[in-house]
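Okay, thanks for coming, everyone.

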Amino acid sequence: MRISNIKYQLLKKISLDSILGNRVVTPCQQFTYHQPSAKAYHNRQWLWDSCFQAIACRYDHLEISKSELLALIQHQVTTGANHGMIPHMRFWHESLGRTTAFDYDDRSWITNPPLIASAALLIAEKIINPKERQEFLEVIYQSIALMHDWFDRCRRIGSSPLVVNIHPWETGRDASIAWDEILPLPNEFSPQIKAIFLEKLNLSISEFLKMQLALYREEKQDLAFDFKDQRHQSRCVLNKLINLVNGDLKILNQELDSFCVYAIDYNSIRVKDLESMGQIAKILNFKKSIIDHWLARAELSRIAIREVLWNSKTGTFHDLQIFKSGEVKILPESAAAFVSFFGNVPSEEQSEKLCQRMLDASKYNRNYLIPSEPADSISYLPNVYWRGNVWPSVQWLIWHGLVSYKSNNLVTQDLVKLLRVKIATSLIKLVAEQGIYEYYNPETGAGLGEKDQSWTAVILDILNLELGT
């Protein structure tokens, strides 16, 4: 890939301007972090957003990059059944960033894709001073170890090493087509779930939603607009349900048969994070048994993804809904399957099939790569949130996985290289033509969502690695 130095400098400037323009200093003055965008996400820090932002900053603003992750782990849960969880959202500045959806608490009660150890390892590679690198990784290691222990304790079913998500917001794919078949509409929730709302809130589900909408309107929050969408209403109901049962997986799955998903991208990201913990342990000169322990956990999860989430009939990975009976439902395919490369999950045979699928013009090989949903889906709406958009965060995960992918098959090697360059070129073109946006239309290239969305600055990593700067 070649671009002029002038174009490179321009892309670098607009990327850094977008992310640093969203920089916030914590109330204790000890850390800085980046809100996703100053307009829509005021004074809120998201888990995986922060990881992407830290990755983007590490070339030019290493101290800011480190501070981003150190701020992130400050809202780890330290007591109770969810000890060790890192919530998907933290509200730092009193009521300014808090939302109706989370009862004005200082954090959410669900999580996000676990990308922290992977981000920390990439940042550590840029820290020249061994003592500083050691100190940074020691703090990160302890928190992330607790987080993965929480996953094993609270988000696994039976003996499977795979972890489940209990809400679409946890997956990061908030409104994916995949969830349409398993998340009831507001009037379709089970009698047991309706009874919990009446017992604990003295409200019916419809009354709860009216109350939520009134509060949003009172606060003049943009999210009030989302309530026109019944699926968003359902996500709000499920979010409150999780709060009412304290996120107890046994209740949600075994008693209520609620949303309980093995997400292919989520588990693949966790594989990478577990492996990164092993690499961090090695840098910290831990015992070989500790290093091997992390790597073994990663490999067990990797094997389980290959065996459980792969569908030989369709030739791709699928998310699965897990019912209390033990039965599973195969959910519609999405680009989440390609994030499996990030965790080095696919076998040789699976890798070739996934590459061919990405190159299928009827599905993912559109004018701009790669839409979050296949274009031949009847629900494909490339202008609508998570219904078939190009998300820079997802593109980075797929691209990074392809960069590090190793294959002995010459055909697969060529496919991987071709796709890596196509994805990088596409994302660079989008940012050069449209500027920094939250996501883009894969057909027209139009920028969508929030302008100056911080995580899109992850293009800096693609620029630096692809251009060798």
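This is a predicted model: local features need pLDDT of at least 70, side-chain atom pairs count only at pLDDT 80 or more; totals for chains, interfaces and linings use all residues.

I'll start with the overall build and then go to one serine.

Numbering runs from 1 along each chain as its sequence is written, and side-chain values use heavy atoms, with hydrogens and water left out.

So, the build. We've got 16 helices and 11 strands; those are DSSP runs, helices being H or I with at least four residues and strands E with at least two, numbered from the N terminus. Along the principal axes, the C-alpha trace spans about 60 × 55 × 50 Å. Of the 469 residues, 59% are buried, and buried here means under 20% relative accessible area with a 1.4 Å probe, protein chains only. Take contacts, meaning heavy atoms within 4.5 Å: among those between residues at least 6 apart in sequence, 68% join residues at least 24 apart.

Now the serine. Where does Ser-351 sit? Ser-351 is in helix H13, residues 348–358. Is Ser-351 buried or exposed? Its relative accessibility is 0%, so Ser-351 counts as buried.

Who's around? Leaving out residues up to four places away in sequence, Ser-351 touches Phe-341, Pro-346, Tyr-405 and Thr-412. The Ser-351 side chain also reaches the backbone oxygen of Ser-347 at 2.8 Å. And Thr-316 is 35 residues from Ser-351 in sequence, with 9.2 Å between them in space, C-alpha to C-alpha.

How values were computed. Buried means under 20% relative accessible area, exposed over 50%, partly exposed in between (1.4 Å probe, protein chains only). A polar contact is a pair of N or O atoms within 3.5 Å; within protein, one must be able to donate a hydrogen and the other to accept it, and residues adjacent in sequence count only if both atoms are side-chain atoms.
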